[in-house]
Amino acid sequence: MKKIVVVLSVLMLLSSCVSKKKFSALEAKNKETQDLLNSCTVKLNSCLQEKAGLAATVAGLKDYNQTLANTSKDMAILSTKSAENIEKALESIKEKDLKITRMQDALTRKDSVTLAVVTSLKASVGISDPDIEINVEKGVVFISIADKLLFKSGNYDVTDKAKGVLAKVAKVVNDKPTFECMVEGHTDDDSFRPNAVLLDNWDLSVKRSTAIIRVLTKDLGVNPAQLIAAGRSSFIPLVPNDSAENKAKNRRTRIVVLPKIDEFYEMIETEMKKKK
């Protein structure tokens with residue numbers, strides 16, 4: 001019996017370690033994507049400024065040519081140099097317009113994907129339950145489910161009531177086979193006596209994450225390749241752990257929905273690299 005307990009403890013520690021590595025890689029990927037989006041926004045603003053400057057240049061050149069035409073005896077002859085400058089300026093404006101349009105289209109498509117995900121989730125899960133929150137942060141969709149809907153205190157066995165909620169989430173995930181979902185377990189800061197299975201809140205948060213993933217995959221048919229298990233213990237509280245009510249808010253499971261929008265960012269990056 002002792003050998004079985006030791007083996008289970010080692011497997012749990014290895015599972016937690018792998019989850020944290022996957023989570024760190026996911027955070028790095030999300031940061032890289034956000035940095036690219038910020039760079040795109042800066043470049044877009046620069047393009048708009050350049051366009052405005054070029055438009056002003058064209059207007060000035062037109063006024064200059066009109067002055068030459070009015071004061072010249074031969075109104076049919078314009079300055080060759082001025083005409084060339086106008087042509088180049090107009091061509092540059094067209095190029096800037098095309099570049100801006102492509103970047104705006106890519107950003108719009110990305111926002112449309114995120115909005116579609118939120119709308120679909122809210123329609124399936126429902127928005128009237130105060131214990132279920134769906135929101136968007138930095139282009140990522142989050143579903144936060146209160147602990148009392150999922151588990152009993154200090155336990156990681158998924159309740160029957162929770163399976164009804166998870167079935168609605170599973171439907172959305174199954175409809176989006178290219179998405180990935182990270183299941184994050186969060187606890188309050190209450191400590192408990194270690195036992196053969198759980199050493200601390202880290203273990204509890206990870207076990208709750210993997211318990212939900214087992215329900216999603218074994219009972220609700222979600223592709224395991226789409227899911228990532230993660231435990232955050234008590235270190236990402238929503239509110240201070242200074243009352244029973246606040247601790248209840250901090251005990252939660254958060255499902256992070258990650259649409260595959262890499263192709264949109266690749267299109268933006270391609271446009272940014274053009275004509276550097």
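Is E184 buried or exposed, and what is its relative accessible area? E184 is buried, with a relative accessible area of 1%; buried means under 20%, exposed over 50% and partly exposed in between, with a 1.4 Å probe and protein chains only.

The model is predicted: local features need pLDDT of at least 70 and side-chain atom pairs pLDDT 80 or more, while totals for chains, interfaces and linings use all residues. Residues are numbered from 1 along each chain as its sequence is written, and side-chain values use heavy atoms, without hydrogens and water.

The protein chain holds six helices and five strands, which are DSSP runs (helices H or I, at least four residues; strands E, at least two) numbered from the N terminus. Of its 276 residues, 38% are buried.

The whole structure contains six salt bridges, each a side-chain nitrogen of Lys or Arg within 4 Å of a carboxyl oxygen of Asp or Glu. Three of them are listed here.

| Salt bridge | Closest N and O atoms |
|---|---|
| E184 and R254 | 2.9 Å |
| D175 and K171 | 3.4 Å |
| R232 and E184 | 3.5 Å |

R232 lies in the loop between β4 and α5 and E184 in strand β3 (residues 180-186), so this pair ties together parts 48 residues apart in sequence. R254, in strand β5 (residues 252-258), is 70 residues from E184 and is buried at 18% relative accessible area. R232 is buried as well, and E184, R232 and R254 form a network of salt bridges.

By contrast, D175 and K171 both belong to helix α3 (residues 160-175), four residues apart. D175 is partly exposed at 48%, as is K171 at 49%.
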